[in-house]
Each structure stands twice: as structure tokens, then as C-alpha cells.
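Subject: Handover of a structure and summary of findings

Dear colleague,

Please find below the structure that I am handing over to you.

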Amino acid sequence: MTDKHKPSQQLYTDAYFERGHWGLKVRQTLVALVGWICVIVPIVITIAAFLAVDHPQIPHLWTYREGIFEIKFIGILLLFAFVMVLLFAVGMTIIQNRKRERVVEQWPTYNPINQRKRETELEKFMDDRFGDADFRHQVRRYQVKPEQNLETEQIHELYQKQHLNDLGD
């Protein structure tokens, strides 16, 4: 079987989408509908009341001047917040792009001379430990002897012994 035709493993279940369970489906659907009505109705009422001030053909649900003023005030606050977030996001993007162009792409974040020396020392260490590079790259199967296993800090200690550790302790 190809990967496309392998049956996928389902890691969750939901009784709502299984056959049967009609009571659960009706109850959850009603709760979802009531929830959406509780979200949509106040929004529609608020928008209708706000638009009814300038358009007489829209029914007036309420006409409190304080409410209309409050809607306008909240709109101005949200617009101000949006503009501030937009300016911050664009500014940070410009700053990060300039930093990347000037620092990261022009200057390596490591010492390139020590990096070359580290690669050479590591290659010598691996040659001594596991055989030359041609052998390591061409062998199909290799069993590591227990004495060939690396200790946790062995590479780090090799770099320290050769004074090639850029990280500092």
C-alpha cells in the first residue's frame, strides 16, 4: 500500500458525529444556536441603533445620546489601537530586517578561523575513533564497539584542550 492509501489512525472520538446519539446532537445544536444568537443579536441591535440616528427608514430600537457617543468613542479607541499596533509591527519589521542585513548577513556569528580548526580537529578525532572518512561514508552497516561510544562532554573537552571553544564557560 502506498502512503496515500494507508488507513489513517484516528486519535480522537466525538459522539456528535457518530451514528445515533440524537439527543446529544439536538441538545448540542440548540446550545450552539442559542450561543450564536446571543452574539449576533446585540451586534445587530447596536449597529441598527447607530445607523438609525442618520437614516430614518431604519427602526429606532434605542436612541440614547450617551449610547451613540459611547459607540463612536469606542470606535475611535479601536481605530487608534489598530494604528498603534500597525505602526509597531511595521517598525519592528523594518528594524529586524535592517539588523539582519547589517549584522547577521555581514558578520558570522562564530569565529570562522576557529570553526575551520574545530572541523579539522573533529575530523581527526573521528578518523582515530571510527576509521577514515571514506570508510565511514561508504560502509553500509557499522557496529560501534562499547569503547568507541562518546562521553557526554568529550567533544567539548576536545575543543577546550585545543583552545577552540568560542562559547566561554
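Does Glu 119 count as buried, partly exposed or exposed, and what is its relative accessibility? Glu 119 counts as partly exposed, at 41% relative accessibility. Please note that this value, like the others in this message, was computed from a predicted model.

Overall architecture

The protein chain has 169 residues, and buried residues make up 11% of them. Its secondary structure comprises five helices and zero strands, so that the elements read α-α-α-α-α from the N terminus on. The chain exposes about 15,400 Å², and carbon and sulfur atoms supply 62% of that area. Of the contacts between residues at least 6 apart in sequence, 31% join residues at least 24 apart.

Annotated spans and the nonpolar patch

An unreviewed UniProt entry lists residues 29-53 and 73-95 under "transmembrane region". In the model, the span 29-53 is 96% helix and 0% strand, with its end C-alpha atoms 36 Å apart. The span 73-95 is 100% helix and 0% strand, and its end C-alpha atoms lie 33 Å apart.

A nonpolar patch is present on the surface, formed by Leu 79, Phe 80, Phe 82, Val 83, Met 84, Leu 86, Leu 87, Val 90 and Ile 94. Together these residues have about 890 Å² of accessible area. Ile 94 belongs to helix α2, which covers residues 65-104. Ile 94 is partly exposed because its relative accessible area, 43%, falls between the limits of 20% and 50%.

The loop between α1 and α2 contains Tyr 64. Tyr 64 is exposed, because its relative accessible area of 57% is over 50%. In sequence, Tyr 64 and Ala 49 are 15 residues apart, and in space their C-alpha atoms are separated by 9.1 Å.

Salt bridges

The count of salt bridges comes to four. One of them joins Arg 116 to Glu 119, with the closest N and O atoms 3.4 Å apart. Both residues lie in helix α3 (residues 112-130), three residues apart, which is about one turn of the helix. Arg 116 is exposed, with a relative accessible area of 58%.

Another salt bridge is formed by the side chains of Arg 136 and Glu 123, at 2.8 Å from N to O. This pair links distant parts of the chain: Arg 136 is in helix α4 (residues 133-138) and Glu 123 is in helix α3, 13 residues apart. The side chain of Arg 136 also meets that of Asp 127 in a salt bridge, at 2.8 Å from N to O.

Aromatic pairs

A search of the whole structure finds three aromatic pairs. Tyr 16 and Phe 17 form an edge-to-face pair, with 5.1 Å centre to centre and 80 degrees between the planes. Tyr 16 is partly exposed at 23% relative accessible area, whereas Phe 17 counts as exposed at 68%. Phe 135 and Tyr 142 also form an edge-to-face pair, with 5.9 Å centre to centre and 80 degrees between the planes. Phe 135 is partly exposed at 38%, and Tyr 142 is partly exposed at 34%.

Yours sincerely

Definitions and conventions
Residues numbered from 1 in each chain as written. Predicted model: local features only at pLDDT ≥ 70, side-chain atom pairs only at ≥ 80, totals over all residues. Heavy atoms only, no water. Patch = residues over 30% accessible without salt bridge, like charges linked within 9 Å, V, L, I, M, F, W, Y side chains within 5 Å. Areas by Shrake-Rupley, 256 points an atom, 1.4 Å probe, with all protein chains shown as cover. Helix = DSSP H or I, 4+ residues; strand = E, 2+ residues; numbered from the N terminus. Buried < 20%, exposed > 50% of the residue type's maximum accessible area, 1.4 Å probe, protein only. UniProt positions renumbered as here; feature names shortened; annotations may be inferred. Contact = heavy atoms within 4.5 Å. Phe/Tyr/Trp six-rings, centres within 6.5 Å; stacked < 30°, edge-to-face > 60°.
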